[in-house]
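Please examine the model shown below together with its sequence.

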Amino acid sequence: MEINPQQIQDRARDIQQRIVPQIDEARRNLVDFNTRAVSFIRANPGTCLIGAIAVGFFVGRLASRR
């Protein structure tokens with residue numbers, strides 16, 4: 001089996017053309033999610049603080065079990 005450099009380049013270019021749009025969409029989704037999360041936290045700081053304390057408590061309880 002002989003390796004053809006041109007075939008490898010074409011295959012890599014094809015993969016890149018299919019993956020780059022998916023990465024860009026994922027990036028946009030993450031930015032949107034981050035914006036919504038920050039807005040929610042700013043609008044409800046007390047609720048978020050209580051939630052963070054509760055999650056920390058439960059994680060600490062789970063981590064301390066042996």
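## Structural report

A search of the whole structure finds 1 aromatic pair. It is formed by F57 and F58 in an edge-to-face arrangement, at 5.5 Å centre to centre and with 70° between the planes. Rings of Phe, Tyr and Trp (its six-membered ring) are paired if their centres lie within 6.5 Å; planes under 30 degrees apart are stacked, those over 60 edge-to-face, and the rest tilted. Both F57 and F58 are exposed, where exposed means over 50% relative accessible area, buried under 20%, and partly exposed in between (1.4 Å probe, protein chains only).

This is a predicted model, in which local features need pLDDT of at least 70 and side-chain atom pairs count only at pLDDT 80 or more, while totals for chains, interfaces and linings use all residues. Residues are numbered from 1 along each chain as its sequence is written, and side-chain values use heavy atoms, with hydrogens and water left out.

The chain has 2 helices and 0 strands. The radius of gyration is 23 Å, well over the 11 Å that the globule rule gives for 66 residues, so the chain is more spread out than a compact globule. That radius is taken over C-alpha atoms, and the rule is 2.2 Å times the number of residues to the power 0.38. Along the principal axes, the C-alpha atoms fill a box of roughly 60 × 40 × 10 Å. Of the 66 residues, 0% count as buried.

Helices (H or I, at least four residues) and strands (E, at least two) are DSSP runs, numbered from the N terminus. The expected span of a helix is 1.5 Å times one less than its number of residues.

| Helix | Residues | Number of residues | First to last C-alpha | Expected span |
|---|---|---|---|---|
| α1 | 5-43 | 39 residues | 56 Å | 57 Å |
| α2 | 45-64 | 20 residues | 28 Å | 28 Å |

At the start of α1, a side-chain oxygen of N4 comes within 3.0 Å of the backbone nitrogen of Q6. Further along α1, a kink of about 25° lies at I19, shortly before the proline P21; the bend at a residue is the angle between axes fitted to the seven residues ending there and the seven starting there. R13 also lies in α1 and counts as partly exposed at 43% relative accessibility. Its C-alpha atom is separated by 37 Å from that of V38, 25 residues apart along the chain.

L62 is found in α2 and is exposed, with a relative accessible area of 58%. The C-alpha atoms of L62 and D14, 48 residues apart along the chain, are separated by 46 Å.

The unreviewed UniProt entry annotates residues 43-63 as "transmembrane region"; such annotations may be inferred rather than shown by experiment. Over residues 43-63 the chain is 95% helix and 0% strand, with the end C-alpha atoms 31 Å apart.

Terms used
Polar contact = N/O pair within 3.5 Å; in protein donor to acceptor, adjacent residues only side chain to side chain.
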